[in-house]
Amino acid sequence: MRKPNIAILGATGVVGREITKIIDELKIDFNEIKFLSSAKSAGTELEFQGKKYIVEEAKPESFDGVNIVLASAGGATSQKFAPEIVKRGGVLIDNSSAFRMENDVPLVIAYVNDEDLKKHKGIIANPNCSTSQLMLVLKPLHEKAVIKRLIVSTYQAVSGAGLAAINELTANTKASLAGEDFENKCFKKPIAFNVIPQIDVFCDNGYTKEEMKVVNETKKILHLAAETPISCTAARVPVYNGHSEAVDIEFEKDITPDEVREILKDSFGIKVIDNPDNYEYPTTRDASGVNPVFVGRIRKNLAFNNGITLWCVADNLRIGAALNTVRLCQKVIEMNLY
Ligand SMILES: NC(=O)c1ccc[n+]([C@@H]2O[C@H](COP(=O)([O-])OP(=O)(O)OC[C@H]3O[C@@H](n4cnc5c(N)ncnc54)[C@H](OP(=O)(O)O)[C@@H]3O)[C@@H](O)[C@H]2O)c1
């Protein structure tokens, strides 16, 4: 197998650091690797696999000879560099929302819709974090019973909003406990001891962009009909890392909670923890820092025919961003798509 030259764009960010860790964990076999950021962090020294690297400022010529770029530097940066990467024959695996819904850009969760990767024209998009953790759960259930309707409520950690948001939760909590005033910058409301029912900006239909990402990206990844009813409410909670989701699914065919447990128990990337009698169900503390998507509280939904309700928890920086990005890189190498 050929070995690619790899670049991490946004290497100094929350997701970029996680990507770097996971490249090592998944033993991605590369020829050369480089780490790119904005001018702000350029010159930072970084240690990777026992070698020291200097982070470089991303410029068009940084992508000369690079085969695969793993980007988590925001939508504007991806939009700026995508043509430069593609022009030079590289493949961009992008974490931002810039290209996700474009027709000729595959939106892929590894092990869910890998075949879509073959359609790439230089750009592959990584889904939004709340969508990502749900796909590994829904795909095997959809194969068995066919999704008819879906309602998702998210409880999202601050790490999903980057390093500054993590720091704001700490500072806001300290200020609240000390009874001091605090000016929130990352969030519209104080995040300490609070739940904020807004992630991203509002759309004309009253939903937020984050909520509409779950709706639209789910349909694209699972190849659902455009008219499939899906609704989402996304809330930010004062948790450092790990998104939780309450999920209500109506299926075309009958499916029991026991069947769901059985299917998910054997599904790639899923770990079922579901024994309420012993207070066994997943929480974000189980999920932070590890790869599985945890599922519990599997029960019959009382409002839908053929309905199932479940609770799903995952590390948003891993499956929701960095882990899937690196798995996509692995697939692109294995499937010889660069
Ligand atoms: N956090 C998540 O859970 C998550 C999940 C899915 C997708 N994403 C997406 O991933 C991206 C990064 O998120 P994050 O949480 O890692 O943010 P972050 O912690 O703020 O890091 C941003 C990174 O991008 C770099 N950057 C910013 N502007 C740049 C430019 N003009 N040229 C080159 N590099 C630039 C920064 O470099 P400096 O250090 O020099 O500023 C830093 O390395 C965003 O698009 C976000 O939407 C995040």
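At what angle do the axes of helix H3 and H8 cross, and within what distance do they come? The views below, taken from a predicted model, answer this and more.

**View 1. Helix H3 crosses helix H8.** Helix H3 spans residues 129-145. The axes of H3 and H8 cross at roughly 80° and come within 8 Å. That angle makes H3 roughly perpendicular to H8. On the H3 side, the contact uses Cys129, Ser132 and Gln133. On the H8 side, Ile319, Gly320, Ala321 and Asn324 take part. By class, the contact of H3 with H8 has 4 polar and 3 nonpolar residues.

**View 2. Helix H1 packs against helix H8.** Two packed helices are described by the angle between their axes and the distance between the axes. H1 covers residues 14-25, and H8 covers residues 318-334. Their axes lie 9 Å apart, at an angle of about 45°. H1 is therefore oblique to H8. The crossing of H1 and H8 is right-handed.

**View 3. Side by side: the residues where H1 meets H8.** H1 brings Val15, Glu18, Ile19, Ile22 and Ile23 to the contact. H8 answers with Arg318, Ala321, Ala322, Leu323, Thr325 and Val326. The residues of this contact of H1 with H8 divide into 8 nonpolar, 1 polar and 2 charged. Ala321 of H8 meets H1, and Ala321 also takes part in the contact of H8 with H3.

**View 4. Arg297 sits in strand S13.** Strand S13 runs over residues 293-300, and Arg297 is part of this strand. Leaving aside residues up to four places away in sequence, Arg297 touches Asp274, Tyr281, Leu310 and Trp311. Glu280 is 17 residues from Arg297 along the chain. The C-alpha atoms of Arg297 and Glu280 are separated by 8.9 Å.

**View 5. The whole chain, for orientation.** The secondary structure comes to 8 helices and 14 strands. The C-alpha atoms fill a box of roughly 55 × 55 × 40 Å along the principal axes. The chain has a radius of gyration of 20 Å, which agrees with the value near 20 Å for a compact globule of 338 residues. Of the 338 residues, 44% count as buried. Among contacts between residues at least 6 apart in sequence, 67% join residues at least 24 apart.

Methods
Residues are numbered from 1 along each chain as its sequence is written. This is a predicted model: local features need pLDDT of at least 70, side-chain atom pairs count only at pLDDT 80 or more; totals for chains, interfaces and linings use all residues. Helices (H or I, at least four residues) and strands (E, at least two) are DSSP runs, numbered from the N terminus. The radius of gyration is taken over C-alpha atoms; the globule rule is 2.2 Å times the number of residues to the power 0.38. A residue is buried if 20 or more other C-beta atoms lie within 10 Å of its own, exposed if 12 or fewer, and partly exposed in between; C-beta atoms are placed from the backbone. Two residues are in contact if their C-beta atoms, placed from the backbone, lie within 7 Å. Axes are lines fitted to C-alpha atoms, for helices over the stretch in contact, and angles run from 0 to 180 degrees between N-to-C directions. Angles under 35 degrees count as roughly parallel, over 145 as roughly antiparallel, 65 to 115 as roughly perpendicular and the rest as oblique. A crossing is left-handed if the near helix is turned anticlockwise from the far one by less than a right angle, and right-handed if clockwise. Ala, Val, Leu, Ile, Met, Phe, Trp, Tyr, Cys and Pro count as nonpolar, Asp, Glu, Lys and Arg as charged, and the others, Gly among them, as polar.
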